[in-house]
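Here are my notes for your first look at this one. Have the sequence and the model open side by side as you read.

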Amino acid sequence: PIVREDLRTGLTAEAIKNDILENLVYVQARIPKIATRNDWYMALAYTVRDRLLERWGMAIESLQQSSRAVCYLSAEFLPGPHLGNAILNLGMYEQTKEATARLGLDLDALISHEGEPGLGNGELGRLAACFLDSLATLEIPTIGYGIRYEFGIFDQEIHDGWQREVTDKWLAFGNPWEIVRPEIAYYVPLGGYTETYYDRLGRFRVRWVPERVVKGIAHDTPIPGYHVENVALLRLWKSEACESFDFQAFNEGDYYGAVEDKVASETISKVLYPNDEPIPGKELRLSQQFFFVSCSLQDMIRVHRLGGGVPATFDRRYAVQLNDTHPAIAVAELMRLLVDKQRIDWERAWEITRNTFSYTNHTLLPEALEKWPLPLFRKVLPRHLEIIFEINRRFLEDVRLTYPGDSERLRRLSLIEEADDRYVRMANLAAVGSHAINGVAALHTDLLKETVMRDFYELYPERFLNVTNGVSPRRWMLLCNPGMSGLITDAVGENWVCNSQDSIAGLESFADDGAFREAWRKVKQGNKMELARHISERTGIVVNPESLFDIQVKRIHEYKRQHLNALHIISLYIRLKRTPSLDVPPRTVIFGGKAAPGYARAKLIIKFINSIADVVNIDPDVADRLKVVFFPDFNVKNGQLIYPAADLSEQISTAGKEASGTGNMKFSLNGALTIGTLDGANVEIREAVGPENFLVFGLTAREVTDLKMRGYRPWESYEQNEELREIIDLVRSGFFSRGDRDLFEPLVNELLSRDEYCLLADYPSYLEAQEKAGKAYLVQGQWLRMSILNVARMGGFSSDRSIREYLDHIWKVDSLKASGSR
Ligand code: 26M
């Protein structure tokens, strides 16, 4: 008998089955006979959501009751497909499998049916999603605030070897995971001017008279923790016009003019900007940033007030993290809300603001540091510019006292860059308005203190700390690699899923166990066969699952050096052609990643890889020994397929350029060995897994700096290294471009003349490390041992560890658990 009360909460196969049928009919409006796979997917998604919403109510309550909550402000979130993750975290996989089977459905097929919300560019957005997963799991009251882009990151197609961008229609079939909250909405002013006046008490005040006002509407998605009741709240803002119509214009007969305002307002949350493109001139981007920050802060104030709080205790209720400088305008906006709206005096408001915010830096690339031309800033946010000037005036006054006469330093620290044109420096604003500033890996934090934030470090050394990134072992092991996870659980018990560091270390003693190694090999083999199947489906390329899977997946960027990997392929190709008896394992080199639409050089690198693939893959001389694959549309979903299938992980950025990397962690946690430079978190990964289980090469960050100081002459490498000369000449001859000598000229020319990212300097040691990798792979038992040891020693790279560090050292927030593990 169906217990109706259990319909939306029950966890038996029968209850789940009944809820699926109910949702199919009453939410999706379909009957089983004519239901498509999407209909069934939606019905199942609603069924899982029902179970999430039960926890939702509790989470909201604890948010209101908790002493302090974490608010993670991020312009990007990349949560990946929700269904499989939610089923896993709710602990309902087996019953759901049974329930769907009773309906004649294949659960895994329904899970893979789901697309993903691509509301981010790459690792910054994915990190935010891993952090929400960990915060929920650690039972911390959490809200992730961001933008509900109608169009996320574009889908990538490859045509004739070139990237083509296709708009991302993630909302086309509806989104069963979000709950629209029309009643949770805020007005966001934009443009206009400011004026001064005296209030009733005769106090001098400033009023912002905006040119227009848009409305932000909350769209909520519950993010479940693993095997706990808690969920984190992901609250994304969609912009709309304040009223659907401008009635005045309408009455005057200007129907189209009236609709125009609606269109302009909705534009704000329309599309995600790709990074790797300079965007100082984009007014819309600044509006987006302010839009989501203002809605979020207003929301925090409202919730705080609901709980009986007053503005003066805001900082005790919230720890607000700024994910890079994209939300840095929050510093000025909170000041505006406290001073102009809540009438708190400046000094007190400033104290609250600094206690509230902390700032994470994610890149040292100078071209990526956000700054806004002053005229543009004034046009969009006239009041905030005044507030920033006032923050700056008081700040520089202090600096002057600390460093009398040091006007150069003053110029560098100023929130305003005064060159030919004037700019607002968002990193400086974030640094001044925060009590803590962190980098995302030990090396990155050191370099941050020495380079881009040096003056701030000297001024406020106590504000700086490192929190090395981590990834969720739920999505990036348990969910994506069930085979390996099963072996780990058999070996060390299931605690590792939440407490990786201590538990998973127990795996070490299995590294020399022959039977365990064999089981490990079989799992990896299975994962590789699965990936091979998808490769042939999507690219037509047939790869040998016995070959060494050598994989580089990440955004395409010169500093990440996908083209260095490509040069190695050419070397290997030539060596194999010349010496058929060469004692190397068969290799499949796999690439994946999107290039920013306006980054021509990155797009050319994609073409370069595909052109090499076209030649190599049909050459019978190297058949079965070398294959090259560009896997299109790398995203979270494809990542879940790719990481578990890797033998070798390419982490080959120019030392000093990759802030952390998190893909490096995902690979190693799935049993791949890393070939990498001493960059970002690679340094810490190598220390953790042991240098003997990590293939290091290349210049160190310091050596790169020194080389450039001395004057780097890349053409000398070309002249001195015969093999390098041969491969570069081959590219130049048009060998990979059907005789076209011009196609890759921009790439080659850069390498020979400037080589900003030092590919040629690192080339010999990279080749050597690759040879070593090949040799090691031939000794299967040893390779398996290294693979097992990698996983056993990587427990510290769980995002749970990162979050505990943020909690203890920055946020000072406690778990809801009465007797927590903290
Ligand atoms: C912008 C304009 C022009 C050129 C480049 C940029 C740009 C480059 C990188 C803008 C932003 C960039 O970084 C954002 C980001 O995603 N950083 C990544 O953050 C991850 C999470 O901390 C780290 O793991 C990655 O190493 C870091 O690249």
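1. Which helix does His113 lie in? His113 belongs to helix α5, residues 107-113; helices here are DSSP runs (H or I, at least four residues) and strands are E runs of at least two, numbered from the N terminus. A word on the basis: this is a predicted model, where local features need pLDDT of at least 70, side-chain atom pairs count only at pLDDT 80 or more, and totals for chains, interfaces and linings use all residues. Residues are numbered from 1 along each chain as its sequence is written.

2. Leaving out residues up to four places away in sequence, His113 touches Arg37, Asn38 and Tyr41, contact being C-beta atoms, placed from the backbone, within 7 Å.

3. Now the sheet. Nine strands make an open, mixed sheet, ordered β5-β8-β9-β2-β1-β10-β11-β15-β16; strands pair if DSSP finds at least two bridges between them. The edges are β5 (179-190) and β16 (464-466), each with a single partner strand, so one side of each has no neighbour in the sheet.

4. Look inside the sheet too: β2 (residues 142-147) and β9 (residues 231-241) run parallel, joined by five bridges. Ile143 has Leu233 as its bridge partner in β9.

Conventions. Two residues are in contact if their C-beta atoms, placed from the backbone, lie within 7 Å.
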